[in-house]
Each structure stands twice: as C-alpha cells, then as structure tokens.
Amino acid sequence: MNAQKSGFLLALTAFIWGTAFVAQSVGMDYVGPFTFNSVRSFIGALTLLPCIAFLKHFHGNIRGSISGNRKTLLLGGICCGLALAVGSSLQQIGIQYTSVGKAGFITALYIVIVPLLGIFLKKRIGASVWLAVVLAVGGMYLLCMTEQFGFTKGDLYILVGSLAFSFHILIIDYFSPRVDGVCMSCIQFFVCGCICAVPMLLLEQPSLSIVCAAWAPILYAGVLSCGVAYTLQVIGQKHCPPTVAALLLSLESVFSALAGWVVLHQALSLREIIGCVLVFAAILLAQLPPEWFCRGKKNITYFTAHNKDMQNSENDAWKNI
C-alpha cells in the first residue's frame, strides 16, 4: 500500500469520526454514555469477525501473523482497548453538555498533545510545537470559556478524553507494524466493550427496549465509527508517516463542525469560530516538519551572507576607483 492510499484511508477515517459525533449526540437521547459505548464496541468487534475470517481464508499471511505474534497481538489489543474505553467514555459523557462542533475541535487537540508526550519519550520538541500549544490554549479559551471564565463540564470531560486518545495513537503507532491491524482492532473493541459494560450495569442498567430505540445511532457508531474507521486508522498508520497521518486524522474536527451545522443546526458564534480557527491552526502548525523552519533559517543566513559579500565587493570597487 502506497502513501496516497494510506492518506485516503486516514481521510476517510476522519470523515467517519467527524460525522459520528452526530450519532453520538443523538444516541444520548435514548441511552447512557457507557451503554452507548459498550454496545457499539461489541457491534464493531462483531463486524470485524467476518473480515478476519475472509482474510484468513484468502490470505495465508494473517494466520502466520496471529500465531507468530500472539502475545504481542493480545497485549496491543488490550492496551488499545483500555485507552479507547477511557477516551470514548469521557468523550461520550462530555458530548451531553456541549455542541458537536466544539466536541470535535476539542477532541482534535490530541494532535498537539501527542508531540508534547514525546518529551517523556526523550524526543526533542521544536519551536513550532510550542507555538502551536500557545495557539491551542488561546483557541481553547475562546472556544470553551463561558461568561464565568471557566471550562464547562462537557468541555473538561472531552479534553481529558483527548489525552486518552493521544495515548491510543501512540499505542497504535508502536504495535501496528508488529501485528495484524484488523485482528488487533477486533480485540480492542471486545476489551473496550467489556470495560464499559461494568459501569453500564452498575450505573445505568439499560433495558433491551431502550437500546433498540437507539438502534440507528448505535449501529452507525458501531459499524462505521468502530468497525470501519478505527480499523482504517490502524491500517493507515502502518503505511503512512506519523506527521501526515496525524494531520489527516485532525480533519475530523472540520467534519464534526460541518455535520453539526448541517444535521443538528448547531451554529457557532463568531467567538467560537475564531477559537476553532486558532485550534485548527495549532493542529496544522504542530505537524509542520522541523526542516521547514531550518530551511527558512538557512535561506535567511544565505541571504544575509550574500548581501554582505555584495557589499564588500562594492566597497572594494570604490577603493580601486
């Protein structure tokens, strides 16, 4: 798979995630957040079982991948499922108290958080990332601060969930080159569904009739957002540079705002729009390769040295006269 195909898969992932915010918001009218996440995760896992059987039948390499890296596959699926359960649960709780557009943009802050987490992995952080952090903080202030100058409850839940999604991206980046992506994705959904089922049974105790009433948003989120999109993420990250992959995935914030505007008629104020622009600018800036800034410094150095040489040549010419 080449970079163009991987990029298309990740862009498609962002589109499905962005539009899934609408399904998540509508689903909260029927069931609780843990019920929604648990049921849709199990649906996502069941959706992938026929895909695994198909790939196993027609491609023998998946069998070797499973048997040769069984422990790694299981560990990756459990770690991904745990991070996904935390992130999706916090996001699902927070989306009850904020708009779809704001939820999408706050969630997309994982694109800024991921390089910041690289500090603990002893990776050098460039000046562009720190500038992106400043822009993101300013955008978050305009986007999320209320008249009382504080985060709303929903904004805070989604922001912490974005941190969990950041760990989810780093976990996938580590395990995806080592195991089969479809199998690991299936395991993570079973793990996520089991984890969310515990608070579902203790706190929400849903009935079958209530779950059936929310069949449309749960089915959309389960089949497309979980079964399709998260699997495309695992496959796409395996064959796409991390910087490009993160940039493409951040497009979910744009799609979520557009979906909220078109479907739910959730218009953003001018202040919130400016905040969205700043946050998205921070997302883009955080993904610019350091070579761009080094290239700019080299050009400035060359231009200064060239002008200095020209000036010295002119002075020598006047001396000769």
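**Burial, contacts and helix geometry**

Me: At 10% relative accessibility, does P217 count as buried or exposed?

Reply: P217 has a relative accessibility of 10%, and the cut-offs are under 20% relative accessible area for buried and over 50% for exposed, with partly exposed in between (1.4 Å probe, protein chains only). This is a predicted model, in which local features need pLDDT of at least 70 and side-chain atom pairs count only at pLDDT 80 or more, while totals for chains, interfaces and linings use all residues. Residues are numbered from 1 along each chain as its sequence is written, and side-chain values use heavy atoms, with hydrogens and water left out. With its 10%, P217 therefore counts as buried.

Me: Which residues does P217 touch, not counting those up to four places away in sequence?

Reply: P217 sits in helix α11, residues 215–238, where helices (H or I, at least four residues) and strands (E, at least two) are DSSP runs numbered from the N terminus. Taking contact as heavy atoms within 4.5 Å, and setting aside residues up to four places away, P217 touches A23, V26, G27 and F36.

Me: How many helices and strands does the secondary structure of the chain come to, and what share of contacts between residues at least 6 apart join residues at least 24 apart?

Reply: The secondary structure comes to 15 helices and zero strands, and 47% of the 321 residues of the chain count as buried. Among contacts between residues at least 6 apart in sequence, the share that joins residues at least 24 apart is 89%.

Me: With which residues is G77 in contact, leaving aside its neighbours within four places?

Reply: G77 belongs to helix α4 and, at 0% relative accessibility, counts as buried. F190 is 113 residues away from G77 in sequence, yet their C-alpha atoms are 8.9 Å apart. Beyond its sequence neighbours, G77 is in contact with M184, I187, Q188 and V191.

Me: Which backbone oxygen does the side chain of S88 reach?

Reply: S88 is also in helix α4, residues 70–94, and it counts as buried because its relative accessibility is 1%. Leaving out residues up to four places away, S88 touches N37, R40, F165 and C192. At a distance of 2.6 Å, the side chain of S88 reaches the backbone oxygen of L84.

Me: How far apart are the end C-alpha atoms of helix α9?

Reply: The N-terminal end of α9 is capped by D180, with a side-chain oxygen 3.3 Å from the backbone nitrogen of V182. The expected span of a helix is 1.5 Å times one less than its number of residues. For the 24 residues of α9 (181–204) this should give 34 Å, which agrees with the end C-alpha atoms in the model, whose separation is 33 Å.

Methods
A polar contact is a pair of N or O atoms within 3.5 Å; within protein, one must be able to donate a hydrogen and the other to accept it, and residues adjacent in sequence count only if both atoms are side-chain atoms.
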